[in-house]
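Q: I would like to go through the charged side chains of this model with you. Could we take the contacts one at a time?

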Amino acid sequence: NHANRWPMAVVNIDSLEKAFEAGAEVTVEALVAIGLARATRGGIKVLGRGEMSKGLTIRVQAVSPGAQKKIEAAGGSVEIVALRPVVSETDVAENAE
């Protein structure tokens, strides 16, 4: 049902590679806090552009098959999480404290 679909923010694994240290947990809140994604009603999807050399724990709403393969090959893991309502980037910052 198209009426209930919302656009997703997109982040590629090359951006995650640059922004996070090995072993880091990548969440919606972390991505919004560092400016890699905007808070959207549809959540965040990780795509497979680039290469991944460090193990990261990715917890977002969607991951492409290519991205998942690269993340797991680098020793990381992927967890698809339910979308939590985020009204604004300010709300994310306030909830992180």
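Q: To start, is E51 buried or exposed?
A: This is a predicted model, and in it E51 is exposed, with a relative accessible area of 58%.

Q: Which residue does E51 form a salt bridge with?
A: The partner of E51 is K70, and the closest N and O atoms of the two are 3.8 Å apart.

Q: Where do E51 and K70 lie?
A: E51 belongs to the loop between β3 (44-47) and β4, whereas K70 is in helix α3 (residues 65-73). The pair therefore ties together parts that are 19 residues apart in sequence.

Q: And what is the relative accessibility of K70?
A: For K70 the value is 26%, so K70 counts as partly exposed.

Q: How many salt bridges are there by this rule?
A: The count comes to 4 salt bridges.

Q: Let us turn to E25. What does its side chain meet in a salt bridge?
A: The side chain of E25 meets that of R59, at 2.6 Å from N to O. This pair links distant parts of the chain, with E25 in strand β2 (residues 25-27) and R59 in strand β4 (residues 57-60), 34 residues apart.

Q: Which residue forms a salt bridge with R59 at 2.7 Å between the closest N and O atoms?
A: That residue is E79. Here too distant parts of the chain are linked: R59 sits in strand β4 and E79 in strand β6 (residues 77-80), 20 residues apart.

Q: Which residues do the shared partners join into one network?
A: The network consists of E25, R59 and E79, joined by salt bridges that share partners.

Q: Why does R59 count as partly exposed?
A: R59 counts as partly exposed because its relative accessibility is 26%, and the class runs between the cut-offs of 20% and 50%.

Q: Changing topic to rings: what sits over the ring of W6?
A: The charged end of R41 does, 3.7 Å from the centre of the W6 ring.

Q: How many aromatic pairs does the structure hold?
A: The number of aromatic pairs is 0.

Methods. Residues are numbered from 1 along each chain as its sequence is written. This is a predicted model: local features need pLDDT of at least 70, side-chain atom pairs count only at pLDDT 80 or more; totals for chains, interfaces and linings use all residues. Side-chain values use heavy atoms; hydrogens and water are left out. Rings of Phe, Tyr and Trp (its six-membered ring) pair if their centres lie within 6.5 Å; planes under 30 degrees apart count as stacked, over 60 as edge-to-face and the rest as tilted. A charge sits over a ring if NZ of Lys or CZ of Arg is within 6 Å of the ring centre and within 35 degrees of the ring normal. Helices (H or I, at least four residues) and strands (E, at least two) are DSSP runs, numbered from the N terminus. Buried means under 20% relative accessible area, exposed over 50%, partly exposed in between (1.4 Å probe, protein chains only).
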